[in-house]
Amino acid sequence: MQAKSPAIPFARPMISEEEKRAVLKVLDGPILVHGPLTKEFETSFAKFTGAPFAVSVSSCTAALHLSYVYLGIGAGDEVIVPAQTHVATAHAVELCGARPVFVDAESETGNIDLDQIEKSITPRTRALSVVHYLGMPVNMERVAEIAKKKSLFVVEDCALAIGSYFKGCHVGLFGDVGCFSFYPVKHMTTIEGGMLITQDEQISKRVSQLKAFGYDRTIGERTLPGLYDVTSIGFNYRLNEIEAALGIEQLKKVALFLKQRQRNHEILSRELSQLDEIRQFKTTAGEYRSSYYCLSVHLTGKAASHRNLIVKYLNENGVGTSIYYPQPVPLMHYYQAKYGHREAGFPVAASISKHSIALPVGPHLKEEQMLVIAETFKKAIEMIKKGSFK
Ligand SMILES: *Cc1c(COP(=O)(O)O)cnc(C)c1O
C-alpha cells in the first residue's frame, strides 16, 4: 500500500474532454442501458481486434464466467489455469463448481509453461485457459495443438492484452473466446467493463443472452414493449451506455496509448539493461508482439531478498510500482486451504511473485519521467550493493 500517491504513479486513466463530453451526452438522453452506444462499442472493438463477434460485458471476470457457463462445466469438471495470473482467471472456473488445475509459469515470459500442460490433463479436463501475462502473447499455435489433441475448449484471458498479436493476429481470436478488461489500470478504461470476442456466432448469441437474464429477445426484437420470455438462467452482466460511451472514445486513442507504452518500455528497458541484479521478461520478439502493460523486473541474487525494501525506496522517492501478481493463485488463502497446494508445485510463479517489481510505462509518462524511474531504480540497487539496506 502506498501512503500517498507518488509523483510518478504506476497507472493513471487517460480521461480527457472527449470522454467527458460523451458521458454528459448520454446523461442528457433517455437511454442508459440496452442502447446504441453499447452496440457501437462492440462493433468498433470487433473491428480493432479483427473479431467477427464482440459482446460487451460488465467486466473481464464476467466474460470469463460466461464462457464457462456457456460451456456448461460444473462439479467434477476440471480446467487448466495458469498459476501466475489474477485470481479472476481461476474464480471464473470455481464459480461454476468446477476445479481449476494450476500449471506453473515458464521463467522467460511468465506465461503458462506449455511443456507442463499435458501432464495436468485428465479425463475430467474440459477447458484450457491461458493468460497473456503482462501482454506478452502465449504461443497459441502450441495451445491449439494441445487443445485439439485433447478436445478442449480454449479460453484466452486477454485482460492485459489489447494490442497483443501472435503471428500478426490479435490475441483472443485463437481460442474459442477471448476476454478483455477495461478496469481503470488497464490499457483503456470504461471504469468497470469487459468484452468477449469469438469467431463462433453461436457463442456470441448465447453469451449475449446469458449476460441479460436469459431473455429470448433483445429490446429491438420485441414486438410489444416489455414482452419477452426467458429460456434459460442468466445474469445481469451488461455494460451500460455511459461505460460504452467511454469505451468508444478510449478505443479511438488506444493505438496511440500502445505506441507510448512501447516507447516508454524501450527507454526503461534500455536504461536498466546493464544491471546484473535484474532479469527482464522477454517481450516483443519475432512473431510475438506485446502490449507492454508494464516493465516487470525479476530481481536476482542479493537484490531478490530485498524486494520489499526496493519497492519502499522507489515509492518514497516518487516512483509508483505494482506487483504482478502478489502470490501464485493456488497459494492464495482460499485456493491453498481448499486444495492444499504447496509452493514447491509452482516454483517459477512463486519466484516471480516474491522477487519481481512492476515498473510503470503507461501513456501518462513522458521520456523525462522514464529516466527518473531508471535513475531511482539504479540508486536502490546501488544501496543494496553497498549494504545500505539492512
Ligand atoms: C485485471 C485482470 C482481470 C480482471 O478484470 P476485471 O475486468 O476487473 O474483471 C482478469 N485477468 C487478468 C489477467 C487481469 O489482469
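Predicted model: local features only at pLDDT ≥ 70, side-chain atom pairs only at ≥ 80, totals over all residues.
In total, 15 residues surround the ligand, and the closest are T61, D157, S181, K186 and Y325. A polar side-chain atom of S181 lies 2.7 Å from a ligand oxygen, and a polar side-chain atom of K186 lies 2.8 Å from an oxygen atom of the ligand. On its own, the ligand has 390 Å² of accessible area, of which the protein covers 93%.

C60 belongs to helix α3, which runs through residues 60-71. At 1.5 Å a residue, the twelve residues of this helix should span 16 Å, and the end C-alpha atoms are 17 Å apart, which agrees. Helix α3 is mostly covered, with nine of its twelve residues buried. The buried residues are C60, A62, A63, L64, H65, L66, S67, Y68 and L71. At the N-terminal end, S59 caps the helix through a side-chain oxygen that lies 3.3 Å from the backbone nitrogen of T61. After the helix comes G72, whose phi is positive, near 80 degrees.

A search of the whole structure finds 18 aromatic pairs. In one of them, Y133 and Y325 are tilted, with 6.4 Å from centre to centre and 55 degrees between the planes. This pair links distant parts of the chain, 192 residues apart: Y133 lies in the loop between β4 (125-131) and α5, and Y325 in the loop between α9 (307-316) and α10 (333-339). Y133 has a relative accessibility of 1% and therefore counts as buried; Y325, at 9%, counts as buried as well. A further pair is formed by F213 and Y215, whose ring centres are 5.3 Å apart and whose planes stand at 50 degrees, so this pair is tilted. F213 is partly exposed, with a relative accessible area of 33%, whereas Y215 counts as buried at 16% relative accessibility. Y133 and Y325 also belong to one aromatic cluster together with F10, F281, Y293 and Y324.

Helix α5 (residues 140-150) contains A144. This residue is partly exposed, with a relative accessible area of 38%. A144 and P225 are 81 residues apart in sequence, and their C-alpha atoms are 44 Å apart in space.

Conventions. Residues numbered from 1 in each chain as written. Heavy atoms only, no water. Helix = DSSP H or I, 4+ residues; strand = E, 2+ residues; numbered from the N terminus. Buried < 20%, exposed > 50% of the residue type's maximum accessible area, 1.4 Å probe, protein only. Near = heavy atom within 4 Å. Polar contact = N/O pair within 3.5 Å; in protein donor to acceptor, adjacent residues only side chain to side chain. Areas by Shrake-Rupley, 256 points an atom, 1.4 Å probe, with all protein chains shown as cover. Expected span 1.5 Å × (residues − 1). Phe/Tyr/Trp six-rings, centres within 6.5 Å; stacked < 30°, edge-to-face > 60°.
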